[in-house]
Amino acid sequence: MIVDYHMHLRASDESIEHTVEAVERFVEQASERGIDEIGFTEHIYYFEQTRTLWTMRYHLERCVYDIEPYVDAVVEAKRRDYPVKLGIEVDYEPGREEETAEALAPYPWDYVLGSIHFLAGLGIDAEPSLVDSVGPEQAWRRYYGALGQAARSGLFDSLAHPDLVKFHGAEIDWDWDELAGSLEGVAIEVSSAGLHKPHGKLYPSPAFLSAARKRGLPITLASDAHVPQNVGRDLDRAIEHAQSAGYETVTLFNRREARQEPLG
Ligand SMILES: [Zn+2]
Ligand SMILES: [Zn+2]
């Protein structure tokens with residue numbers, strides 16, 4: 001089984017298009033690339049219903065869309081028996097767990113994907129970056145501390161691009177076993193998106209993924225496509241990466257219940 005559980009429901013110019021027709025374009029591309037099931041995970045900060053969660057201009061500027069057409073488009077596509085799942089990519093805001101849970105509560109998610117793109121107003125994969133402002137060691141410590149908190153918050157089924165902190169600067173040695181232990185209870189994403197970033201690497205690193213395997217963390221697969229043409233892009237490399245770390249199964253979600261299926 002091959003899934004792609006991270007993508008943003010957009011038109012081919014990356015503008016927001018939350019319609020069943022847009023879903024169909026992603027489904028078509030997925031089927032051409034041999035993907036069995038796809039999950040949509042639009043960024044939560046695009047939705048005006050979540051406005052009270054945000055303080056940064058980056059989020060507030062984008063927070064102008066109604067969430068209902070997004071949910072309706074994916075739910076309708078499911079009703080038409082397309083192999084799609086309703087997810088959402090949620091920026092973890094430490095200390096705002098209750099408000100985040102309230103914002104998510106009204107909708108029939110198949111899974112909720114947690115991610116950390118900013119900490120204390122500094123970018124993990126954006127400028128000005130946390131790494132530049134406090135140095136790699138301190139940035140990694142803060143990022144992985146927050147990731148562990150995200151895992152324990154109970155808000156998330158899976159964590160997106162879990163070593164995104166390597167985006168800026170050199171990779172450093174880490175206690176991968178301790179980190180993997182702090183993430184028990186959630187799945188992590190094996191993502192091909194980093195191949196197309198300046199660092200050119202899969203998420204997470206081989207050492208991280210092997211530690212996750214030993215700790216029994218389940219995985220999903222992800223392209224992080226922002227346009228239909230990128231659905232499933234380089235997932236073969238993500239699958240190989242997972243298999244080299246010893247993974248034999250991949251996680252499927254349905255209404256926030258996880259099950260394992262043979263990988264590949
Ligand atoms: Zn992300
Ligand atoms: Zn994403």
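Predicted model: local features only at pLDDT ≥ 70, side-chain atom pairs only at ≥ 80, totals over all residues.
## A strand pairing and its surroundings

Phe-40 stands opposite Leu-86, a residue of strand 3. Strand 2 (residues 37-43) and strand 3 run parallel and are joined by six bridges. On its way through the sheet, strand 3 also pairs with strand 4 (residues 111-115), again in the parallel sense, over five bridges. Here Glu-89 has Leu-113 of strand 4 as its bridge partner. Leu-113 in turn stands opposite Ser-158 in strand 7, and strand 4 and strand 7 (residues 158-159) pair in the parallel sense over two bridges.

| Strands | Bridges |
|---|---|
| Strand 2 (residues 37-43) and strand 3 | six bridges |
| Strand 3 and strand 4 (residues 111-115) | five bridges |
| Strand 4 and strand 7 (residues 158-159) | two bridges |

These strands are part of an open sheet of seven strands, with parallel pairing and the order 1-2-3-4-7-8-9. Strand 1 and strand 9 are at the edges and have a single partner strand each, so one side of each lacks a neighbour in the sheet.

How many residues of strand 3 (residues 84-91) are buried? Eight of the eight are, so the strand is largely enclosed by the rest of the structure. In a regular strand, side chains alternate between the two faces of the sheet. For strand 3, both faces are covered: one side holds the buried residues Val-84, Leu-86, Ile-88 and Val-90, and the other holds Lys-85, Gly-87, Glu-89 and Asp-91, which are also buried. Together with helix 4 (residues 97-104) and strand 4, strand 3 makes a right-handed β-α-β unit.

Nonpolar side chains tend to be buried together in soluble globular proteins. The largest nonpolar core here has 77 residues, and those that touch the most other members are Val-23, Ile-38, Val-74, Leu-159, Leu-183 and Leu-221. Helix 6 (residues 136-152) gives the largest share of this core, seven residues. Ile-38 has contacts beyond four places away in sequence that include Val-3, Met-7, Phe-26, Pro-83, Val-84 and Val-231.

Helix 9 (residues 235-244) has Leu-235, Ala-238, His-241 and Ala-242 among its residues, and these are buried. Seen down the helix axis, the buried residues of helix 9 fall within an arc of 115°, so they line one face of the helix. They pack against strand 1 (3-4), strand 8, helix 8 and strand 9 (219-222). Just after helix 9, Gly-246 takes a positive phi of about 105°.

Ser-205 lies in the loop between strand 8 (187-191) and helix 8 (206-214). Ser-205 counts as partly exposed because 18 other C-beta atoms lie within 10 Å, whereas a buried residue needs 20 or more. Leaving aside residues up to four places away in sequence, Ser-205 touches Asp-163 and Glu-171. Ser-205 and Trp-176 are 10.0 Å apart in space, C-alpha to C-alpha, and 29 residues apart in sequence.

Taken as a whole, the protein chain has nine helices and 11 strands. Its C-alpha trace spans about 50 × 40 × 30 Å along the principal axes. A compact globule of 264 residues would have a radius of gyration near 18 Å, and the chain, with 17 Å, agrees with this. Of the 264 residues, 46% count as buried. Among contacts between residues at least 6 apart in sequence, 74% join residues at least 24 apart.

Notes. Residues numbered from 1 in each chain as written. Chains lettered and ligands numbered in written order. Helix = DSSP H or I, 4+ residues; strand = E, 2+ residues; numbered from the N terminus. Buried ≥ 20, exposed ≤ 12 C-beta atoms within 10 Å, placed from the backbone. Contact = placed C-beta atoms within 7 Å. Core = buried A, V, L, I, M, F, W, Y, C linked by C-beta atoms within 7 Å. Pairing = 2+ DSSP bridges. Right-handed = clockwise from strand over helix to strand, strands pointing away. Rg over C-alpha atoms; globule rule 2.2 N^0.38 Å. Arc of directions from axis to C-beta.
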